[in-house]
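Please open the model in your viewer and keep the sequence panel beside it. The tour moves from one selection to the next and says what is found at each stop.

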Amino acid sequence: MAVDKEKVSGGETRWTRLWEDRALRERRGGQSACPLLCGRGPARSGARAPPLRMGKEVTFAEMDGKKFRIGVLATRWNAELVEAMQKDVVDTLKASGVENDNIIQFKVPGTWELPLAARFVSITQKLDAIVCLGVLVKGETNHYEYIAENVAKSLMEIQVQSTVPIVFGVLTCLTEEQAEFRATGKGSHAKDWALTAVEMATLRSSQMGKPDQTGAKKIGFGNLLENAEGGAKKVSSEPGKKIGF
Ligand SMILES: Nc1c(NC[C@H](O)[C@H](O)[C@H](O)CO)[nH]c(=O)[nH]c1=O
Ligand SMILES: CC(=O)[C@@H](O)COP(=O)(O)O
């Protein structure tokens with residue numbers, strides 16, 4: 001089989017095929033036929049190769065999202081593709097036990113708007129995780145690079161600052177074909193993104209305290225509450241001013 005990146009079917013490439021063929025052969029104790037891998041490791045020595053640990057896959061334990069409120073921010077740019085990912089995210093959240101009323105969905109114009117929207121909805125501390133969805137496709141100028149780099153950086157900053165997990169569900173594609181493959185069907189990671197949100201919400205809850213009926217998070221000696229001055233927090237036993245939804 002030739003080694004090139006030509007598409008074979010359903011958007012997968014010959015590379016995918018080569019890796020799958022190699023994994024199969026090595027699990028059977030045979031030699032790798034991949035020219036790029038010859039002369040390396042167990043395939044050369046004839047020893048049985050360990051299970052392949054590479055690939056675009058992540059596994060999740062079973063989780064219960066019943067107590068969580070998850071935000072989903074989605075763009076209207078490339079609406080059809082984003083909506084396909086949004087549907088997978090929402091369906092998977094529900095299948096993980098997140099209640100319909102606890103899936104709070106917002107639309108924004110484009111990917112550039114995602115960080116500020118994520119800041120608006122994370123500052124209230126009323127969401128346990130946020131999934132941000134967008135599709136960037138490179139055009140003729142370097143517009144795409146500016147958006148991709150800054151949005152990725154900002155979303156990371158916002159999640160670290162706010163402690164609200166933000167899932168990076170933004171595709172940064174060089175072609176429309178790449179975008180379509182990754183937004184729909186086999187190439188989509190949208191279900192993983194939903195599970196990542198539930199897993200990170202679970203971790204946050206176990207480490208940071210559980211929400212109580214006031215919506216405040218119990219940490220350490222008292223309740224952390226939002227105040228009226230833009231989300232700065234104070235420690236108090238009084239309920240905080242209601243912000244957001
Ligand atoms: N080119 C893409 C954009 N561009 C629009 C920006 O995100 C933004 O809405 C505008 O600059 C106004 O601030 N957005 C995408 O989501 N995907 C693109 O490919
Ligand atoms: C400002 C724009 O959205 C546009 O001019 C960028 O062009 P391109 O997507 O071809 O780089």
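Helices (H or I, at least four residues) and strands (E, at least two) are DSSP runs, numbered from the N terminus. This is a predicted model, in which local features need pLDDT of at least 70 and side-chain atom pairs count only at pLDDT 80 or more, while totals for chains, interfaces and linings use all residues. Residues are numbered from 1 along each chain as its sequence is written, and side-chain values use heavy atoms, with hydrogens and water left out.

Begin with ligand 1 and select the residues around it (those with a heavy atom within 4 Å), among them Trp-77, Asn-78, Thr-111, Trp-112 and His-143. Strand β5 (129–137) and helix α5 (143–162) each supply at least two residues of this shell, and the largest share, three residues, comes from β5.

Next, display the polar contacts of the ligand, meaning pairs of N or O atoms within 3.5 Å. A polar side-chain atom of Glu-113 lies 2.6 Å from an oxygen atom of ligand 1, a backbone N or O atom of Val-135 lies 2.8 Å from a nitrogen atom of the ligand, and a polar backbone atom of Val-137 is 3.1 Å from an oxygen atom of ligand 1.

Just after α7, stop at Gly-209, which takes a positive phi of about 105 degrees.

Note on methods
Chains are lettered from A and ligands numbered from 1 in the order in which they are written. A polar contact is a pair of N or O atoms within 3.5 Å; within protein, one must be able to donate a hydrogen and the other to accept it, and residues adjacent in sequence count only if both atoms are side-chain atoms.
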